[in-house]
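Have the structure open and follow along.

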Amino acid sequence: MVQIYSDRVLQADSSFIKDILSLTEVEDIISFAGGLPNPISFPMKEFQESINRVLQNSGDKVFQYSGTQGYLPLRQWVADRYKKRFGMDVTADDILITTGSQQGLDLMGKALVNKGDKVAVESPCYLAAIQTFALFEPEFLPISLEDDGLNLEELEATLKNNDVKLLYTVPNFQNPTGLTYSKEKREAIFEIIKKTNTVLIEDDPYGELRFEGESLPYIAGGKSENSVLFGSFSKTLSPGMRIGYLCTKSKELMGHLIGAKQSSDLHTNVLAQYAIYDYLTNNDYEAHISKITALYKQQCDAMIAAMEKYLPAHVTFTKPEGGMFLWADLGEGISSVEVFKRATEKKVAFVPGDPFYTNIKGAGTLRLNYTNSDPETIVEGIKRLASVL
(Lines give C-alpha, C1' and ligand atoms only; values in the text may rest on other atoms or scores of the structure.)
Protein backbone atom coordinates (compact mmCIF):
# COMPACT_ATOMS: atom_id res chain seq x y z
CA MET A 1 0.00 0.00 0.00
CA VAL A 2 1.26 3.49 -0.89
CA GLN A 3 2.24 5.61 2.08
CA ILE A 4 -0.09 8.60 2.01
CA TYR A 5 1.92 10.98 4.20
CA SER A 6 5.31 12.42 3.37
CA ASP A 7 8.40 11.15 5.15
CA ARG A 8 9.18 14.62 6.49
CA VAL A 9 5.76 14.96 8.13
CA LEU A 10 5.91 11.50 9.64
CA GLN A 11 9.39 12.18 11.01
CA ALA A 12 8.40 15.52 12.56
CA ASP A 13 7.69 15.07 16.26
CA SER A 14 5.42 17.77 17.68
CA SER A 15 3.56 15.43 20.05
CA PHE A 16 5.80 16.32 23.01
CA ILE A 17 4.96 20.02 22.86
CA LYS A 18 1.31 19.33 22.10
CA ASP A 19 1.04 17.14 25.20
CA ILE A 20 2.75 19.77 27.35
CA LEU A 21 0.54 22.58 26.13
CA SER A 22 -2.62 20.52 26.62
CA LEU A 23 -1.62 19.94 30.24
CA THR A 24 -1.12 23.65 30.80
CA GLU A 25 -4.77 24.26 29.94
CA VAL A 26 -5.92 22.33 33.02
CA GLU A 27 -7.97 24.50 35.36
CA ASP A 28 -6.12 26.21 38.22
CA ILE A 29 -2.69 25.44 36.79
CA ILE A 30 -0.05 28.18 36.90
CA SER A 31 1.68 28.02 33.54
CA PHE A 32 5.18 29.34 32.89
CA ALA A 33 5.23 27.21 29.73
CA GLY A 34 3.96 29.57 27.02
CA GLY A 35 5.71 32.41 25.27
CA LEU A 36 2.80 34.78 25.53
CA PRO A 37 3.03 38.57 25.80
CA ASN A 38 1.02 40.00 28.67
CA PRO A 39 -2.46 40.94 27.33
CA ILE A 40 -2.48 44.16 29.36
CA SER A 41 0.26 45.39 27.01
CA PHE A 42 -1.98 45.24 23.92
CA PRO A 43 -2.91 48.78 22.74
CA MET A 44 -6.51 47.84 21.97
CA LYS A 45 -8.05 51.32 22.03
CA GLU A 46 -5.35 52.73 19.75
CA PHE A 47 -5.68 49.79 17.35
CA GLN A 48 -9.43 50.26 17.16
CA GLU A 49 -8.82 53.86 16.15
CA SER A 50 -6.24 52.77 13.57
CA ILE A 51 -8.50 50.14 12.04
CA ASN A 52 -11.34 52.65 11.81
CA ARG A 53 -9.06 55.14 10.05
CA VAL A 54 -7.77 52.49 7.67
CA LEU A 55 -11.26 51.33 6.75
CA GLN A 56 -12.40 54.91 6.25
CA ASN A 57 -9.41 56.02 4.18
CA SER A 58 -8.23 52.85 2.40
CA GLY A 59 -11.16 50.46 2.65
CA ASP A 60 -11.12 48.99 -0.86
CA LYS A 61 -7.33 48.48 -0.84
CA VAL A 62 -7.25 46.44 2.37
CA PHE A 63 -9.94 44.07 1.06
CA GLN A 64 -8.05 43.40 -2.20
CA TYR A 65 -5.07 41.22 -3.14
CA SER A 66 -1.73 42.95 -2.67
CA GLY A 67 1.98 42.63 -3.46
CA THR A 68 3.91 39.71 -1.99
CA GLN A 69 6.75 41.78 -0.50
CA GLY A 70 4.38 43.76 1.71
CA TYR A 71 2.90 47.24 2.20
CA LEU A 72 5.60 49.68 1.06
CA PRO A 73 5.11 52.34 3.78
CA LEU A 74 5.41 49.64 6.47
CA ARG A 75 8.56 48.23 4.85
CA GLN A 76 10.00 51.75 4.72
CA TRP A 77 9.18 52.25 8.40
CA VAL A 78 11.04 49.04 9.29
CA ALA A 79 14.05 50.07 7.17
CA ASP A 80 14.09 53.51 8.79
CA ARG A 81 14.00 51.97 12.26
CA TYR A 82 17.03 49.79 11.45
CA LYS A 83 18.82 52.97 10.32
CA LYS A 84 17.79 54.89 13.43
CA ARG A 85 18.63 52.20 15.99
CA PHE A 86 21.71 50.62 14.43
CA GLY A 87 22.87 52.89 11.61
CA MET A 88 22.22 50.14 9.08
CA ASP A 89 22.21 51.01 5.38
CA VAL A 90 19.00 49.25 4.38
CA THR A 91 16.05 50.25 2.19
CA ALA A 92 12.44 49.16 1.84
CA ASP A 93 13.58 46.81 -0.95
CA ASP A 94 15.62 44.90 1.65
CA ILE A 95 12.50 44.18 3.75
CA LEU A 96 9.96 41.38 3.27
CA ILE A 97 6.80 41.42 5.39
CA THR A 98 6.02 37.91 6.64
CA THR A 99 3.13 36.22 8.38
CA GLY A 100 4.87 36.36 11.72
CA SER A 101 8.64 35.96 11.85
CA GLN A 102 7.92 32.24 12.14
CA GLN A 103 7.13 32.24 8.41
CA GLY A 104 10.63 33.54 7.80
CA LEU A 105 12.04 30.26 9.12
CA ASP A 106 9.86 28.29 6.72
CA LEU A 107 10.80 30.52 3.77
CA MET A 108 14.51 30.17 4.53
CA GLY A 109 14.14 26.41 4.65
CA LYS A 110 12.30 26.37 1.33
CA ALA A 111 14.82 28.66 -0.34
CA LEU A 112 18.04 27.11 0.96
CA VAL A 113 17.79 23.67 2.56
CA ASN A 114 17.89 20.37 0.70
CA LYS A 115 17.60 16.99 2.38
CA GLY A 116 20.88 16.23 4.13
CA ASP A 117 22.19 19.81 4.09
CA LYS A 118 23.96 20.94 7.24
CA VAL A 119 22.18 23.46 9.47
CA ALA A 120 24.03 24.76 12.53
CA VAL A 121 21.95 25.79 15.54
CA GLU A 122 22.48 27.03 19.06
CA SER A 123 22.32 24.37 21.75
CA PRO A 124 19.82 24.86 23.31
CA CYS A 125 17.83 26.31 20.40
CA TYR A 126 14.38 27.85 19.88
CA LEU A 127 12.22 24.73 19.59
CA ALA A 128 10.01 26.01 16.74
CA ALA A 129 13.13 26.67 14.65
CA ILE A 130 14.15 23.05 15.14
CA GLN A 131 10.64 21.90 14.22
CA THR A 132 10.50 24.10 11.11
CA PHE A 133 13.92 23.21 9.74
CA ALA A 134 13.37 19.52 10.55
CA LEU A 135 10.66 19.39 7.88
CA PHE A 136 13.38 19.99 5.27
CA GLU A 137 15.35 16.99 6.62
CA PRO A 138 18.74 18.60 7.26
CA GLU A 139 21.64 17.37 9.35
CA PHE A 140 21.61 19.49 12.50
CA LEU A 141 24.94 20.62 13.92
CA PRO A 142 24.45 21.87 17.51
CA ILE A 143 26.90 24.46 18.87
CA SER A 144 27.06 24.99 22.62
CA LEU A 145 25.68 28.25 23.93
CA GLU A 146 27.78 29.93 26.62
CA ASP A 147 26.80 32.81 28.92
CA ASP A 148 27.92 35.38 26.30
CA GLY A 149 27.04 33.57 23.05
CA LEU A 150 28.16 30.63 20.94
CA ASN A 151 31.27 28.63 21.83
CA LEU A 152 33.78 30.03 19.33
CA GLU A 153 35.96 26.91 19.10
CA GLU A 154 32.93 24.75 18.31
CA LEU A 155 31.66 27.33 15.81
CA GLU A 156 34.97 27.50 13.96
CA ALA A 157 35.30 23.71 13.87
CA THR A 158 31.71 23.35 12.63
CA LEU A 159 32.06 25.89 9.83
CA LYS A 160 35.64 25.06 8.76
CA ASN A 161 34.68 22.81 5.82
CA ASN A 162 32.45 25.53 4.39
CA ASP A 163 29.57 23.16 3.72
CA VAL A 164 27.14 24.47 6.36
CA LYS A 165 24.15 26.10 4.66
CA LEU A 166 22.68 27.97 7.64
CA LEU A 167 23.62 29.16 11.10
CA TYR A 168 20.57 30.03 13.20
CA THR A 169 20.96 32.37 16.19
CA VAL A 170 18.82 34.42 18.59
CA PRO A 171 21.42 36.92 19.85
CA ASN A 172 19.13 39.05 22.05
CA PHE A 173 17.43 37.46 25.09
CA GLN A 174 17.71 34.07 23.49
CA ASN A 175 14.82 31.64 23.49
CA PRO A 176 14.95 29.50 25.63
CA THR A 177 17.79 30.77 27.85
CA GLY A 178 17.21 34.54 28.04
CA LEU A 179 20.96 35.04 27.41
CA THR A 180 22.35 37.84 25.24
CA TYR A 181 25.48 37.64 23.09
CA SER A 182 28.20 40.05 24.20
CA LYS A 183 29.58 42.70 21.83
CA GLU A 184 32.94 40.93 21.79
CA LYS A 185 31.38 37.56 21.00
CA ARG A 186 29.29 39.10 18.19
CA GLU A 187 32.40 40.59 16.61
CA ALA A 188 34.28 37.29 16.90
CA ILE A 189 31.39 35.33 15.33
CA PHE A 190 31.32 37.79 12.43
CA GLU A 191 35.05 37.32 11.82
CA ILE A 192 34.54 33.56 11.69
CA ILE A 193 31.43 33.48 9.53
CA LYS A 194 32.52 36.09 6.97
CA LYS A 195 35.16 33.65 5.72
CA THR A 196 32.47 31.13 4.80
CA ASN A 197 29.43 30.88 2.51
CA THR A 198 27.18 30.05 5.46
CA VAL A 199 24.03 32.18 5.66
CA LEU A 200 23.54 33.64 9.14
CA ILE A 201 20.04 34.08 10.55
CA GLU A 202 19.75 36.55 13.43
CA ASP A 203 16.25 36.04 14.80
CA ASP A 204 15.33 39.06 16.92
CA PRO A 205 11.73 38.97 18.15
CA TYR A 206 12.72 40.18 21.64
CA GLY A 207 15.33 42.87 20.92
CA GLU A 208 12.96 45.76 21.68
CA LEU A 209 12.18 44.27 25.11
CA ARG A 210 15.38 45.31 26.87
CA PHE A 211 14.83 46.46 30.46
CA GLU A 212 18.52 46.58 31.51
CA GLY A 213 21.76 47.50 29.74
CA GLU A 214 22.27 48.94 26.27
CA SER A 215 21.28 47.65 22.83
CA LEU A 216 24.09 45.94 20.95
CA PRO A 217 24.80 45.91 17.20
CA TYR A 218 23.85 42.82 15.22
CA ILE A 219 26.46 40.21 14.32
CA ALA A 220 26.23 40.67 10.55
CA GLY A 221 22.95 42.47 9.89
CA GLY A 222 23.50 45.20 7.29
CA LYS A 223 27.16 44.21 6.89
CA SER A 224 26.96 40.99 4.89
CA GLU A 225 24.81 39.73 2.03
CA ASN A 226 24.97 36.28 3.65
CA SER A 227 22.91 37.62 6.52
CA VAL A 228 19.19 37.67 7.27
CA LEU A 229 17.54 39.50 10.17
CA PHE A 230 14.12 38.49 11.47
CA GLY A 231 11.90 40.91 13.35
CA SER A 232 8.32 40.99 14.56
CA PHE A 233 5.55 43.14 15.98
CA SER A 234 4.17 40.12 17.88
CA LYS A 235 6.00 40.82 21.13
CA THR A 236 5.43 44.60 21.16
CA LEU A 237 1.99 45.10 19.59
CA SER A 238 -0.03 42.00 18.78
CA PRO A 239 0.90 38.34 18.20
CA GLY A 240 -2.57 37.68 16.76
CA MET A 241 -2.02 40.01 13.81
CA ARG A 242 0.91 37.82 12.69
CA ILE A 243 3.02 40.64 11.27
CA GLY A 244 6.73 39.92 11.10
CA TYR A 245 9.48 40.89 8.69
CA LEU A 246 12.90 39.88 7.49
CA CYS A 247 15.77 41.97 6.18
CA THR A 248 18.53 40.94 3.77
CA LYS A 249 20.89 42.87 1.50
CA SER A 250 21.06 39.93 -0.93
CA LYS A 251 18.82 40.69 -3.89
CA GLU A 252 19.18 37.12 -5.14
CA LEU A 253 18.09 35.63 -1.83
CA MET A 254 15.26 38.16 -1.51
CA GLY A 255 13.97 37.11 -4.93
CA HIS A 256 13.90 33.45 -3.89
CA LEU A 257 12.21 34.27 -0.57
CA ILE A 258 9.52 36.28 -2.36
CA GLY A 259 8.96 33.36 -4.72
CA ALA A 260 8.69 30.96 -1.79
CA LYS A 261 6.22 33.27 -0.05
CA GLN A 262 4.07 33.55 -3.17
CA SER A 263 3.63 29.79 -3.13
CA SER A 264 2.81 29.87 0.60
CA ASP A 265 0.22 32.63 0.99
CA LEU A 266 0.55 35.18 -1.87
CA HIS A 267 0.93 37.93 0.73
CA THR A 268 0.52 38.66 4.43
CA ASN A 269 -2.79 40.00 5.78
CA VAL A 270 -3.25 43.44 4.19
CA LEU A 271 -5.59 44.96 6.80
CA ALA A 272 -3.17 44.03 9.59
CA GLN A 273 -0.25 45.63 7.71
CA TYR A 274 -2.16 48.89 7.17
CA ALA A 275 -3.42 48.92 10.76
CA ILE A 276 0.04 48.43 12.25
CA TYR A 277 1.50 51.14 10.01
CA ASP A 278 -1.29 53.52 11.00
CA TYR A 279 -0.69 52.75 14.68
CA LEU A 280 3.04 53.37 14.34
CA THR A 281 2.55 56.74 12.64
CA ASN A 282 -0.14 58.00 15.03
CA ASN A 283 1.15 56.83 18.42
CA ASP A 284 4.30 56.99 20.55
CA TYR A 285 5.79 53.54 19.91
CA GLU A 286 8.79 54.21 22.16
CA ALA A 287 6.55 55.11 25.10
CA HIS A 288 4.51 51.97 24.50
CA ILE A 289 7.65 49.79 24.53
CA SER A 290 8.82 51.52 27.72
CA LYS A 291 5.59 50.51 29.46
CA ILE A 292 6.06 46.89 28.37
CA THR A 293 9.68 46.71 29.48
CA ALA A 294 8.83 48.25 32.87
CA LEU A 295 6.12 45.61 33.32
CA TYR A 296 8.38 42.74 32.24
CA LYS A 297 11.22 43.90 34.49
CA GLN A 298 8.86 43.80 37.46
CA GLN A 299 7.72 40.29 36.52
CA CYS A 300 11.26 39.05 35.83
CA ASP A 301 12.52 40.49 39.13
CA ALA A 302 9.65 38.77 40.96
CA MET A 303 10.53 35.40 39.42
CA ILE A 304 14.26 35.73 40.15
CA ALA A 305 13.62 36.80 43.76
CA ALA A 306 11.23 33.89 44.30
CA MET A 307 13.67 31.41 42.76
CA GLU A 308 16.51 32.68 44.95
CA LYS A 309 14.31 32.41 48.03
CA TYR A 310 12.53 29.10 47.48
CA LEU A 311 14.44 26.84 45.07
CA PRO A 312 17.14 24.41 46.28
CA ALA A 313 20.73 25.69 46.13
CA HIS A 314 21.72 23.18 43.42
CA VAL A 315 19.34 24.84 40.92
CA THR A 316 21.06 27.52 38.83
CA PHE A 317 19.37 29.92 36.43
CA THR A 318 19.96 32.82 34.06
CA LYS A 319 19.15 36.44 34.87
CA PRO A 320 17.95 38.08 31.63
CA GLU A 321 18.36 41.76 30.75
CA GLY A 322 15.19 41.63 28.68
CA GLY A 323 12.90 39.36 26.71
CA MET A 324 10.42 36.83 28.07
CA PHE A 325 12.27 33.79 29.43
CA LEU A 326 14.80 32.49 31.87
CA TRP A 327 16.49 29.08 31.90
CA ALA A 328 17.08 26.85 34.88
CA ASP A 329 19.48 23.93 35.32
CA LEU A 330 18.43 21.33 37.88
CA GLY A 331 21.85 19.67 37.99
CA GLU A 332 23.31 16.30 37.01
CA GLY A 333 21.08 13.26 36.90
CA ILE A 334 17.75 15.09 37.08
CA SER A 335 15.36 14.85 34.12
CA SER A 336 13.18 17.92 33.75
CA VAL A 337 10.61 15.77 31.91
CA GLU A 338 10.15 13.71 35.07
CA VAL A 339 10.01 16.88 37.17
CA PHE A 340 7.39 18.28 34.76
CA LYS A 341 5.10 15.31 35.36
CA ARG A 342 5.28 15.82 39.13
CA ALA A 343 4.98 19.61 38.78
CA THR A 344 1.69 19.38 36.92
CA GLU A 345 0.29 17.41 39.84
CA LYS A 346 1.16 20.49 41.95
CA LYS A 347 -0.61 22.68 39.34
CA VAL A 348 2.46 24.40 37.91
CA ALA A 349 3.91 23.98 34.40
CA PHE A 350 7.06 24.85 32.46
CA VAL A 351 8.73 23.58 29.28
CA PRO A 352 11.30 20.82 29.91
CA GLY A 353 14.66 21.18 28.18
CA ASP A 354 14.52 18.23 25.77
CA PRO A 355 12.70 19.87 22.79
CA PHE A 356 15.28 22.69 22.74
CA TYR A 357 18.07 20.28 21.80
CA THR A 358 18.74 18.32 18.63
CA ASN A 359 21.03 15.80 20.34
CA ILE A 360 20.06 15.54 24.03
CA LYS A 361 17.37 13.55 25.83
CA GLY A 362 16.71 13.55 29.55
CA ALA A 363 18.02 17.10 29.96
CA GLY A 364 18.06 18.63 33.42
CA THR A 365 17.16 22.06 32.09
CA LEU A 366 13.85 23.90 31.74
CA ARG A 367 12.39 27.15 30.42
CA LEU A 368 10.25 29.53 32.45
CA ASN A 369 8.17 32.38 31.03
CA TYR A 370 7.53 35.36 33.31
CA THR A 371 5.62 37.77 31.04
CA ASN A 372 2.14 36.28 31.25
CA SER A 373 1.72 36.10 35.05
CA ASP A 374 1.43 38.81 37.67
CA PRO A 375 4.07 38.90 40.45
CA GLU A 376 1.81 37.26 43.03
CA THR A 377 1.06 34.36 40.69
CA ILE A 378 4.76 34.04 39.84
CA VAL A 379 5.69 33.70 43.53
CA GLU A 380 3.00 31.08 44.10
CA GLY A 381 4.08 29.15 41.00
CA ILE A 382 7.73 29.09 42.07
CA LYS A 383 6.69 27.91 45.55
CA ARG A 384 4.84 25.02 43.90
CA LEU A 385 7.85 24.20 41.75
CA ALA A 386 10.09 24.34 44.82
CA SER A 387 7.85 21.83 46.63
CA VAL A 388 8.49 19.38 43.77
CA LEU A 389 12.26 19.96 43.66
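Where does leucine 266 lie?

## Leucine 266

You'll find leucine 266 in the loop that runs between helix H9 (251-265) and helix H10 (270-282). Keep in mind that this is a predicted model, so to speak a computed picture.

What makes leucine 266 worth a stop is its backbone: phi is near 65°, a positive value in a residue other than glycine.

## Lysine 347

Now hop along to lysine 347, in the loop between helix H12 (336-345) and strand E12 (348-349). Here, too, is a residue other than glycine with a positive phi, near 65°.

## Two cis prolines

Next come a couple of peptide bonds. Serine 123 and proline 124 are joined by a cis peptide bond, with omega about 10°. To spot proline 124, look in the loop between strand E3 (118-123) and helix H6 (127-134).

Which residue does a cis peptide bond join to proline 176? That's asparagine 175, and omega for this bond is about 25°. Proline 176 sits in the loop between strand E6 (164-169) and helix H8 (183-193).

How values were computed. Residues are numbered from 1 along each chain as its sequence is written. This is a predicted model: local features need pLDDT of at least 70, side-chain atom pairs count only at pLDDT 80 or more; totals for chains, interfaces and linings use all residues. Side-chain values use heavy atoms; hydrogens and water are left out. Helices (H or I, at least four residues) and strands (E, at least two) are DSSP runs, numbered from the N terminus.
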